[in-house]
Amino acid sequence: MDSNSEFSSVVHKPFRCSECCLKCLSGIPYASLIATILLYAGVALFCGCGHEALSGTVTILQTYFDVVRSPVDALDVFTMIDIFKYVIYGVAAAFFVYGILLMVEGFFTTGAIRDLYGDFKITTCGRCVSAWFIMLTYIFMLAWLGVTAFSSLPVFMYFNIWNTCQNATLVESSNLCFDLRQFGIVSIGEEKRLCTASENFIKLCESNELDLTFHLFVCALAGAGAAVIAMVHYLMVLSANWAYVKDACRMQKYEDIKSKEEQELHDIHSTRSKERLNAYT
């Protein structure tokens with residue numbers, strides 16, 4: 001008899017473990033998890049590639065265009081690049097924390113939906129937090145759209161440089177120039193241009209810095225686009241969760257009213273039964 005009980009307990013242990021694993025996996029907010037992974041990948045790609053591309057831009061400007069840093073605290077191109085680098089540091093830290101907050105919100109919302117008929121109570125504060133996350137995510141989505149549009153500018157600039165190098169090699173005795181003033185990198189009074197006849201132009205076209213910086217800016221643009229997609233994914237997830245939580249709250253109110261009415265009917269019946277019993281006795 002003891003051997004049979006031990007055998008049955010050994011047989012049922014794997015089933016219990018599998019049930020526990022399935023229960024844990026069913027509580028994971030997969031939609032929020034996918035959006036978080038996409039957000040982290042996009043932000044990492046944008047921040048990492050953007051930072052290195054800005055460093056490569058400084059090297060190209062100083063080496064081939066002979067642009068020097070202003071000795072005074074003026075707002076030149078190098079100061080702007082330093083500001084952009086600090087902005088990248090802040091973006092990386094802020095969205096790392098924001099991704100964790102959205103993932104936690106997804107876990108709590110999933111728990112609220114899973115335990116709709118259990119002991120979990122959905123509060124008004126929880127619904128307000130969900131609505132606040134929807135509004136904040138919408139603002140961040142618009143911000144990332146602006147970042148994506150802004151990131152396309154250096155891609156366009158480096159594509160022009162690359163195209164000029166290609167045309168210079170294909171067309172002999174061509175006099176093509178690239179002027180920094182047309183992109184607002186230097187002031188109108190400064191004449192910083194590279195023409196095909198100059199030695200720096202040939203060195204720039206043959207250098208690895210041009211191709212590397214160009215591809216880094218393209219990767220940064222792709223990362224910003226991935227962050228926009230992640231924000232849109234978060235908006236869909238948060239809107240669906242908020243609708244489910246709102247419906248669950250209404251269902252809980254209905255269940256509370258129903259149980260209260262049933263309790264009142266039970267009390268009325270019990271009172272009448274006692275009165276009849278007393279009248280009979």
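Which residues line the largest cavity? They are Thr57, Ile60, Leu61, Phe65, Met157, Tyr158, Ile161, Leu180 and Ile185. On a 1 Å grid over the protein atoms alone, a cavity is a set of points where a 1.4 Å probe fits but cannot get out, a pocket is an open set with protein on both sides within 12 Å along at least five of seven lines, and lining residues have an atom within 4 Å of a point.

The model is predicted, with pLDDT of at least 70 required for local features and 80 or more for side-chain atom pairs, while totals for chains, interfaces and linings use all residues. Residues are numbered from 1 along each chain as its sequence is written, and side-chain values use heavy atoms, without hydrogens and water.

There is 1 cavity of 30 Å³ or more, and both α2 and α4 supply at least two residues of the largest cavity's lining; helices here are DSSP runs (H or I, at least four residues) numbered from the N terminus.

The largest pocket is lined by 31 residues, and Leu54, Phe84, Phe150, Pro154 and Phe217 lie nearest its centre. Two or more lining residues come from each of α2 (30–63), α3 (77–114), α4 (124–170) and α6 (208–280), with α4 giving the most, 11 residues.

The unreviewed UniProt entry places "transmembrane region" at residues 86–108, 129–150 and 214–244, although such annotations may be inferred rather than shown by experiment. Residues 86–108 are 100% helix, with end C-alpha atoms 34 Å apart.

Terms used. Grid points are joined across faces, edges and corners, and a volume is the space filled by probe spheres set on the points.
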